[in-house]
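Hi there,

Here is the structure I promised to pass on to you. Have a look at it first, and then read on for what I found.

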Amino acid sequence: MKKKEKVQTDPDNELYEFILGYSKLVYDNALYREQSLIQQATNMQIAFSFVIAAVFMVAAIVVEYRGRLSLEYLILVFSSISISLILSLFFATMAQNRYKRAIPQKIGLIKENILNNKEKLQSDKEKYEYQIQTIIPMSDSLDDCNNKRVTWINLSMRIFYFALLLCLFWFVITLIKIL
């Protein structure tokens, strides 16, 4: 009767397997975040476009029934609001930009690289490390792109809030002028 041999494994194999799995999870999360940011920028573009259209519709009505308000004053009011809204629309559009980022090698190159370095990829640990090193530049590049998107979205939202404040400001000033 033969005894079952206990297979000795490198204790680092399990650790590298965990690192690889976690690296893939982080990268997948970054891909999901990218899609969410692009969708958010799209929604912002739609909202800002409707607000700009509403401002121009209101402007036409107000100019026609302006009463004592001068045309120059109304042009100042609506142009300042419109410029800030258009600027926020521009920043939201920039957030949607598809930035150049690191991509995986072509499969043919990966195969050639592995076959040329097969003596360095004998253990599971070395194979895991190879995969991790492949994911790192793609993940870092994707994070950089997502951070750029967040910056554009934040700028867009700040300018939009500024436009809303301008609406409130000009409304109060106009009430004071009328009364």
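The axes of H1 (residues 11-64) and H4 cross at roughly 20° and come within 8 Å. The axes here are lines fitted to C-alpha atoms, for helices over the stretch in contact, and the angles run from 0 to 180 degrees between N-to-C directions. Helices (H or I, at least four residues) are DSSP runs, numbered from the N terminus. The crossing of H1 and H4 is left-handed, a term used if the near helix is turned anticlockwise from the far one by less than a right angle.

Before going further, please note that this is a predicted model: local features need pLDDT of at least 70, side-chain atom pairs count only at pLDDT 80 or more, and totals for chains, interfaces and linings use all residues. Residues are numbered from 1 along each chain as its sequence is written, and side-chain values use heavy atoms, with hydrogens and water left out.

H4 has another neighbour to look at. The axes of H2 (residues 71-95) and H4 come within 7 Å and cross at roughly 165°. That makes H2 roughly antiparallel to H4. This crossing, of H2 and H4, is left-handed too.

Now for the charged side chains. Side chains of opposite charge can pair when their charged atoms come close. A salt bridge is a side-chain nitrogen of Lys or Arg within 4 Å of a carboxyl oxygen of Asp or Glu, and by this rule the count comes to three.

One of them joins lysine 125 and aspartate 12, at 3.4 Å from N to O. Lysine 125 is in helix H4 and aspartate 12 in helix H1, 113 residues apart, and the pair links distant parts of the chain. Lysine 125 is partly exposed at 25% relative accessibility, and aspartate 12 is partly exposed at 30%. (Buried means under 20% relative accessible area, exposed over 50%, and partly exposed in between, with a 1.4 Å probe and protein chains only.)

Which residues are linked in a network of salt bridges? They are Glu34, Arg101 and Arg149. Arginine 101 meets glutamate 34 with the closest N and O atoms 2.6 Å apart. This pair links arginine 101, in the loop between H2 and helix H3 (107-116), with glutamate 34 in helix H1, 67 residues apart. Arginine 101 is partly exposed at 26%, whereas glutamate 34 is buried at 6%. For glutamate 34 and arginine 149, the closest N and O atoms are 3.5 Å apart. Glutamate 34 lies in H1 and arginine 149 in H4, so this pair ties together parts that are 115 residues apart in sequence. Both glutamate 34 and arginine 149 are buried.

Alanine 59, in helix H1, is buried at 11% relative accessibility. The C-alpha atoms of alanine 59 and phenylalanine 78 are separated by 6.7 Å, with the two residues 19 apart along the chain. Lysine 177, in helix H4, is partly exposed with a relative accessible area of 44%. The C-alpha atoms of lysine 177 and isoleucine 153 are 36 Å apart, and these residues are 24 apart along the chain.

Enjoy exploring!

Notes: Helices (H or I, at least four residues) and strands (E, at least two) are DSSP runs, numbered from the N terminus. Angles under 35 degrees count as roughly parallel, over 145 as roughly antiparallel, 65 to 115 as roughly perpendicular and the rest as oblique.
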